[in-house]
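Look at the model shown here before reading on.

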Amino acid sequence: MDNSRGDAKIMIKVLGFDTSSIAATVALAEEGRLIAEYYLNNKRNHSEKLMPLIQQMLSDCDITLNEIQGIAVAMGPGSFTGLRIGAATAKGLAFAAGIPIIGINTLDGLAYNAVTFNGPICPVLNARREQVYTAMFRGNGMSIERLTDYMAVEIKEILKTAGETGEPVLFLGDGVPVYKDEIKNMLGKNALFAPEALTMPRASSIALLGVEGFKKGEVESPFTFTPFYLRRSQAEIQLEKKEGKCR
């Protein structure tokens, strides 16, 4: 029997994608290398675009789903519809390939976009209803550390926390264009903003964090994986109010 390949190291390949915002983004990564990333920031039609993007990328890379060890997906917070599409796609692909899912918090992925920044990082996602999904992180040039809980709050609350650091804070996320003036007014010269190419969620960050999560055993079954919503949807709140009135 030929054992010439018996000791060869199997590189962990992870397919990652993020549908938590208006951008649909997919990527393929392995240990120490980003293989490919496709990014579409146009209309929020993830149900139509996500699978074709994945199929095209895998085809261009000459890689099949059976050669992938895990599916990394942005698990939220973010758009409720987008998160459900991402979760359903991850579950279907993971089940078909017999591989696990690695759920990556959307805010972790955003902060990782700026992993080379040495200092406080504050991703802000527009949660509407005058709130943002956010958390504080710190980068050290090689990794990120989360400093606060994930939260859905008014922008002034996270800006107060950011101001207490006394340091320049890097902001990114789709909430930046909405609240940029307020951020500048409260933090002045300590308000820094990521370049446009890094402001929105990127599947490259999700996939690379997914590789690390896979190595640490932070995986889930497609039967148990659920999105991380952080707060209830407006539809759920309205239904609860309606049911309360009917009692």
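What follows describes the helix pair and then the pockets.

This is a predicted model, in which local features need pLDDT of at least 70 and side-chain atom pairs count only at pLDDT 80 or more, while totals for chains, interfaces and linings use all residues. Residues are numbered from 1 along each chain as its sequence is written, and side-chain values use heavy atoms, leaving out hydrogens and water.

Begin with helix 4 (residues 155-163) and helix 5 (residues 176-187), whose axes come within 10 Å and cross at roughly 35°. Helices here are DSSP runs of H or I with at least four residues, strands are runs of E with at least two, and both are numbered from the N terminus. Axes are lines fitted to C-alpha atoms, for helices over the stretch in contact, and angles run from 0 to 180 degrees between N-to-C directions.

Now turn to the largest pocket, which holds about 470 Å³ of space. A pocket is an open set of points on a 1 Å grid over the protein atoms alone, where a 1.4 Å probe fits, with protein on both sides within 12 Å along at least five of seven lines; lining residues have an atom within 4 Å of a point. The volume is the space filled by probe spheres set on the points, which are joined across faces, edges and corners. Helix 7 gives the most to this pocket's lining, with five residues.

The second largest pocket has about 340 Å³ of space. Its 17 lining residues include Arg-44 and Asn-126, both among the closest to its centre. Strand 6 gives the most to this lining, with four residues.
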